Amino acid sequence: MNLTTPPPVEHLDPGYAADVKHDLVRKARKPKRARWTPFLAWVPIVAATAAIAISTTTVVTLSRSGGGGSTDPAGPPGIVQVPPEASKVEETDLGPADEAWARAAAEKCLVPSTDAYGTKSHWNSPADAKTAKIRSARWVKNVVHPDERRQLLQSFSIVDEDVVFQCLDGVVLWHGITSELDDGVSAQEPVAGAWSWGSEDQGPVTVANSDYIFRATDDVERVQLRIRGTEAASPWYSTRVSGNLGYIAGVLPGAQADAGRLEVDLRAFDKAGKQVWSKTFG
Amino acid sequence: MGMTTISRQVDRPPPDTGDDDLWDALRRQEPEALGELFTRYAAAVHAYAVRHTGSYAYADDAVQATFVTAWKQFSRTDVGPLQHGTAKPWLLAIARNELRNSVRSRRRLAQFLLRQPAPLDHPDHSEAVAARVDSEQHIQAVRAALSALPAHERETVELVYWAELTLAEAAAVLGVAEGTVKARLFRARRRLPALLEEHR
């Protein structure tokens, strides 16, 4: 087995490829406001829509007429535009955690796990936690599941291997070499990271959530995340940057994490409280 | 493990055709340009996704999602001039994000499927399906060997050795400096002999 040689891969099925290409071009020709939905998902969506359309029409109509904040109530659903200063700020940082908690969580974080593809998460062992250097450890609110307990957000270094781990409640968010911490960040782009979103049924309500795992320059003290949907926007969820690393999550009840129906705003502030960065994803 | 003979995919654009004209057409939001982008790079995105996930089913979805997102980016904003003379690293960066975003929904789907009764139809045992299954097993074995590397080194190996990107292109996909890509490859290669020994 030679790991530097690409494992052979079967051809993309020509029939499937032709269908996808045709579908892509056809949709691209449509007016820009058309909403994108993978065509394989259309059948269940159409079926589900047909089944629930009658029962929900009244509810939807009532909620729209209530002034839900959509910028274009007469046209197709659009994502609400809310000025940044019009959203409240919700602090998620709950203060520092002591070292005993941090070291126990580091040990849990280093237990090899398997991701959704069946790949092991990393190669260090829990024993490395004993000698790890704790870079930061703070309690944060669990905004996605507010009924559950607070979460421990931490970063630590495996000294011998010069590897930094960032973990949330014992789950690896990011890991890399110490010297990579400032890769991709600069005075012009002081924050760099990866975002994701999802939706979850919580009782009768679908709740959209989003998170951002990031690195930041020394100057950045706070990073905030806000979700905007077709009906409403969340507050700014705010976190403190600790050891050049951070993580922030937010939720928007009554929203679905789909392209064209949700956007995620991010912004960063320096120690003087001046906004130094912003970005929108989705 | 039984391996079916598998042909290598051509995942580069025609040699005498650069992507500059195509990129300009995409910036003008010409729908046919999206079709041409798909023709040139669907195989590369597909191969990357198969090797990244070890699953053809996930890869099929990822290919579609990647090109939908690519078009949306051109529709929403000016993405700027083409970097590195090829659209491939830009597309793989989108694919990488699509795959990451799909992990959570896939977990929920897996949980849902576990609760469902077994399907009435028997699985399809056609040759094509068998070849895919063999291929998936092989890729999963390779990924198992590679899994002992830290994720950032594994990803660098995937992009440079498997997706055949240059160091600069891989750096652009990963959002790191070119020197970092080199350092990661150096570290990965230093560990690889030991990894191969373990999985022999």
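Colleague: How many contacts does the stretch at residues 32-76 of chain A have beyond near neighbours in sequence?
Modeller: Chain A has a mean pLDDT of 78, with 78% of its residues at 70 or more; pLDDT is the predictor's confidence in each residue, from 0 to 100. Over residues 32-76 of chain A, though, the pLDDT is below 50. Where pLDDT is low, the predicted coordinates should not be read in detail. With that caution, the number of contacts (heavy atoms within 4.5 Å) that this stretch has in the model beyond near neighbours in sequence is 41.

Colleague: Which strands stand at the edges of the sheet, each with a single partner strand?
Modeller: Five-strand order first: the open sheet of 5 strands in chain A runs S1-S10-S9-S12-S13, with mixed pairing. Each edge strand has a single partner, so one side of it is left without a neighbour in the sheet. These edge strands of chain A are S1 (89-91) and S13 (275-281).

Colleague: What is the bridge partner of A:Glu91 in S10(A)?
Modeller: S1(A) pairs with strand S10 (residues 236-240) of chain A in the parallel sense, over 3 bridges. In S10(A), the partner of A:Glu91 is A:Ser238.

Colleague: Which residue in the turn of the S7(A) and S8(A) hairpin has a positive phi?
Modeller: These strands belong to an open antiparallel sheet of 3 strands, ordered S7-S8-S11 in chain A, where S7 (191-202) and S11 (245-253) are the edge strands. S7(A) pairs with strand S8 (residues 205-216) in the antiparallel sense over 12 bridges; A:Asp201 is opposite A:Thr206 and A:Val191 is opposite A:Ala216. The hairpin has 2 residues between its strands, and the turn residue with a positive phi, about 65°, is A:Gly203.

Colleague: Are H1(B) and H2(B) oblique or parallel to each other?
Modeller: Helix H1 (residues 20-27) and helix H2 (residues 31-53) of chain B have axes 9 Å apart and pack at an angle of about 140°. Axes are lines fitted to C-alpha atoms, for helices over the stretch in contact, and angles run from 0 to 180 degrees between N-to-C directions. Angles under 35 degrees count as roughly parallel, over 145 as roughly antiparallel, 65 to 115 as roughly perpendicular and the rest as oblique. H1(B) and H2(B) are therefore oblique.

Colleague: Which residues in H1(B) meet H2(B)?
Modeller: On the H2(B) side, the contact involves B:Ala33, B:Leu34, B:Glu36, B:Leu37 and B:Arg40. From H1(B) come B:Leu22, B:Ala25 and B:Leu26.

Colleague: What is the angle at which H1 of chain A and H3 of chain B pack?
Modeller: The axes of helix H1 (residues 14-29) of chain A and helix H3 (residues 56-76) of chain B are 11 Å apart. These helices are roughly parallel to each other. Their packing angle is about 20°.

Colleague: Within what distance do the axes of H1(A) and H2(B) come?
Modeller: H1(A) and H2(B) cross at roughly 155°, which makes H1(A) roughly antiparallel to H2(B). Residues in this contact include A:Val20 and A:Leu24 of H1(A), and B:Leu34 and B:Phe38 of H2(B). The axes come within 8 Å.

Conventions
Residues are numbered from 1 along each chain as its sequence is written. Chains are lettered from A and ligands numbered from 1 in the order in which they are written. This is a predicted model: local features need pLDDT of at least 70, side-chain atom pairs count only at pLDDT 80 or more; totals for chains, interfaces and linings use all residues. Side-chain values use heavy atoms; hydrogens and water are left out. Helices (H or I, at least four residues) and strands (E, at least two) are DSSP runs, numbered from the N terminus. Two strands pair if DSSP finds at least two bridges between them.
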